[in-house]
Amino acid sequence: MTIWSAGINRRTSTLAGLFTAALATVCGARPAADVDDARLLAADREPQNWMINGRTYEEGHFSPLTQINDHNVTRLGLAWYLDVGSRIGTEATPLVVDGVLYTTSVWNIVHAIDARTGRELWRYDPHVDRTWIRHMCCGPANKGAALWKGKVYAGTIDGRLLALDAASGNLVWSTQTTDPAQPYSVIGAPRVFHDKVIIGVGGGEMGVRGYVTAYDAATGKQVWRFYTVPGNPANGFESPTMEMAARTWTGQWWQAGGGGTTWDGLTYDPKLNLVYVGTGNGSPWSRELRSPGGGDNLFLCSIIALNADSGAYRWHYQAIPAESWDYDCVAQMTLAELRIGGRARQVLMQAGKNGFFYVLDRSNGKLISASAFVPVSWASRIDLRTGRPVETAAQPYGVDNTRLLSPGVFGGHAWHAMSYSPLTRLVYIPAQEDWFRYSRTPHYEHTPMAWNLGLNPQARDPPGVPDPPPRKGFLLAWNPATNSEAWRIDLHGPWNGSVLTTAGNLLLQGAADGRFVAYSADKGQRLWDMPIHTGAVAAPIAYSVDGEEYIAVGAGWAGSLPIVGGGMSAAHDTPTRILAFKLGGNVTLPTPVGRAAPSLPASTASPETIERGRRLYAANCRLCHGGAVISGGMIPDLRYMSPQTHAEFGKIVLYGARAAQGMAPFADLLSETDADAIHAYIIEQARPIAAPGAGH
Ligand code: CA
């Protein structure tokens with residue numbers, strides 16, 4: 001369950017017309033988002049702009065700007081900031097074209113901002129069904145927008161793809177990209193090329209069938225769709241490719257959808273006219289439950305190359321056949337030309353959640369190299385001849401076979417943007433060490449619209465299985481040509497931010513300890529930092545307006561680990577903001593206000609009731625509100641509930657009194673007695689921080 005205290009300012013786009021004139025001034029003579037094939041293909045000739053998620057179609061997250069550099073970065077300061085109106089975090093990479101910054105934020109609200117002053121030109125609220133977060137895993141964020149011929153494109157968690165007028169923020173078209181009767185979500189950033197906009201889907205943890213769709217950018221009509229896993233053979237196959245994939249599955253996989261979702265990584269390759277699609281884990285996670293007779297389960301955890309015009313299959317590389325550990329292979333895929341073994345190779349690079357860094361020949365999908373960049377215990381190596389991992393045990397995990405493995409479910413590297421600098425020829429990876437105990441449930445039954453992992457939540461402390469080591473975070477400089485580590489910077493903890501490199505020899509990252517930091521890109525020397533009071537996980541960008549360079553980032557800790565992992569960030573109560581820095585910037589952020597100790601209502605619950613509440617909380621609430629009722633900052637920490645929230649607890653939990661803020665009703669799963677027990681457990685967990693004398 002989730003109680004969102006978003007309080008977003010719902011300024012409607014009817015006001016947008018008032019801002020159109022201001023926008024035209026900002027844009028100069030150019031119409032808003034005047035972006036087409038010619039400009040995007042030559043994005044490197046416009047270092048002042050950031051027009052694609054990774055700045056160019058190579059998705060390298062590198063800026064050629066040099067005004068802010070390793071010699072003067074100590075003079076970097078805040079130029080402006082914009083509160084988005086919520087404390088739930090953001091994962092979006094901003095875009096900048098001709099002086100206007102476009103981005104998405106909490107609840108998929110789209111913003112247009114004067115990139116020089118931070119003045120908001122318009123915002124569009126898609127009014128997503130906020131209770132939909134009960135049917136998805138990781139919070140109401142997406143990875144950003146796309147621009148094309150005067151329009152801004154963005155997805156919504158409830159499965160829509162929107163096209164907005166870039167000048168006014170008015171809706172031009174909206175397409176439902178998913179079946180609303182299934183637990184799909186859209187959390188990625190769209191990509192645009194040749195008058196087509198492509199978007200993927202999430203939902204692998206709930207149980208869906210993955211696909212990616214291309215729409216006509218002008219009208220929103222579907223051009224092509226590619227399913228990543230086969231459906232029920234009795235219904236016929238969409239293509240010979242699906243018929244081929246179905247031969248690698250057994251049992252009745254289609255009942256739980258199969259998985260293979262496409263929730264983040266999409267890369268367009270103009271040289272080869274291909275779209276590379278990364279695919280996620282299977283539904284459910286365990287291969288024994290999903291495909292009991294074995295098989296590779298194509299195309300789970302794969303990189304698939306599709307013809308950009310038709311969506312037709314060209315090649316695939318399956319990183320993990322029969323994937324079983326939530327090792328989504330959807331992370332950013334960066335294109336580059338590397339000199340390997342004395343010759344130039346056109347490569348695709350991915351730092352996998354599974355702990356291996358992959359370098360592929362992108363003309364044919366052949367694996368060139370793969371090396372572990374964090375401790376990896378599920379596989380000993382990747383066999384370069386077959387491209388397959390050499391797993392460390394015949395049975396990955398089972399009902400009576402709990403295994404402690406690295407990486408765990410948060411990955412050696414998750415979705416956070418990495419950066420490739422063509423100057424240092426290094427890739428910079430926000431990496432982490434994360435271990436997890438995997439155990440399969442003895443009684444699996446698919447539950448529609450709910451979590452369907454197939455894990456055994458009771459097997460938390462199995463005898464003979466060691467405790468997971470503490471999580472660690474570091475920023476890794478990696479040489480992709482030799483597929484080996486160059487150097488690393490140890491960080492305070494895991495789940496640090498996406499990274500940016502610039503031609504000014506800078507490497508920039510928001511850290512989980514609430515600071516925004518600049519290092520030298522060649523040596524990793526720490527040059528500058530500034531407290532921003534939250535972990536910025538989204539990707540920073542660099543742009544320039546009127547000859548002045550800025551660095552911008554969406555700041556607000558977000559994603560799966562902050563939701564379930566508890567209070568690991570320095571920040572706990574900071575508004576989510578868009579920040580922009582420049583040399584000599586002197587704007588200051590408000591000092592964070594500490595929270596008052598909560599006043600607890602009297603509780604006479606028995607230890608048995610509190611224990612029952614603990615178990616119910618773990619089963620129904622913890623995936624959003626955090627283990628032990630300590631949230632990671634972006635979601636209300638229930639220990640600090642107000643007297644009013646305490647008074648209305650049952651109505652909120654069971655009947656949707658705060659559905660508008662995202663707290664879905666749970667009366668279908670919980671009784672009033674259950675809600676009382678959960679309430680008693682939360683009060684008990686809050687006692688150590690409560691005001692003296694409260695709750696007794
Ligand atoms: Ca997953």
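Author: Domain bounds, as used here, come from an automatic or database domain assignment. The model we are reading is a predicted one, and for its protein the assignment gives domain 1 (2-166 + 177-233 + 240-247 + 258-583) and domain 2 (607-689).

Reader: What distance separates the centres of domain 1 and domain 2?

Author: Taken over C-alpha atoms, the centres of domain 1 and domain 2 are separated by 31 Å.

Reader: Let us turn to the cysteines. How many disulfides does the structure hold, and how are the bonded cysteines paired in sequence order?

Author: In general, a disulfide is a covalent bond between the sulfur atoms of two cysteines. The structure holds two disulfides, and when the bonded cysteines of the protein are numbered in sequence order, the pairing reads 1-2, 3-4.

Reader: Which parts does the pair of Cys301 and Cys329 tie together?

Author: Cys301 lies in the loop between α4 (287-290) and β19 (302-307), while Cys329 lies in the loop between β20 (313-318) and β21 (334-340), so the pair ties together parts that are 28 residues apart in sequence. Cys301 is buried, with a relative accessible area of 0%, and Cys329 is buried as well, at 4%.

Reader: Is the disulfide of Cys137 and Cys138 left-handed or right-handed?

Author: The torsion about the S-S bond of Cys137 and Cys138 is about -95 degrees, and the disulfide is therefore left-handed. The link of Cys301 and Cys329, with 45 degrees about its S-S bond, is right-handed. As for accessibility, Cys137 counts as partly exposed, at 23%.

Reader: Which residues are the protein donors of the calcium ion, and how should I read the angles of the site?

Author: As a reference, ideal angles at a metal are 90 or 180 degrees for six octahedral donors. In this model the protein donors of the calcium ion are Glu205 (OE), Glu205 (OE), Asn281 (OD1), Asp326 (OD), Asp328 (OD) and Asp328 (OD), lying 2.2 to 3.0 Å from the ion. The angles among the six donor atoms run from 45 to 160 degrees, and the site of the calcium ion is irregular. Glu205 lies in the loop between β12 (196-200) and β13 (211-216) and Asp328 in the loop between β20 and β21, so this pair ties together parts that are 123 residues apart in sequence.

Reader: Which strands pair with β9, and in which sense?

Author: A general point is that in a regular strand the side chains alternate between the two faces of the sheet. Strand β9 (residues 160-165) is mostly covered, five of its six residues being buried. Strand β8 (residues 151-155) pairs with β9 in the antiparallel sense over five bridges, and Val152 stands opposite Leu164 in β9. Strand β10 (residues 171-176) likewise pairs with β9 in the antiparallel sense over five bridges, with Ser174 in β10 as the bridge partner of Leu162.

Reader: Which glycines take a positive phi in the two hairpins?

Author: In the hairpin of β8 and β9, which has four residues between the strands, Gly159 in the turn has a positive phi of about 95 degrees. In the hairpin of β9 and β10, with five residues between the strands, Gly169 takes a positive phi near 80 degrees.

Terms used:
Residues are numbered from 1 along each chain as its sequence is written. This is a predicted model: local features need pLDDT of at least 70, side-chain atom pairs count only at pLDDT 80 or more; totals for chains, interfaces and linings use all residues. Side-chain values use heavy atoms; hydrogens and water are left out. A disulfide is a pair of cysteine sulfur atoms within 2.5 Å. Buried means under 20% relative accessible area, exposed over 50%, partly exposed in between (1.4 Å probe, protein chains only). Donors are N, O and S atoms within 2.8 Å of the metal (3.2 Å for Na, K and Ca); water is not among the atoms, so sites may look incomplete. Four donors count as tetrahedral if all angles lie between 85 and 135 degrees; four count as square planar and six as octahedral if opposite donors are over 155 degrees apart and all others between 65 and 115; anything else is irregular. Two strands pair if DSSP finds at least two bridges between them.
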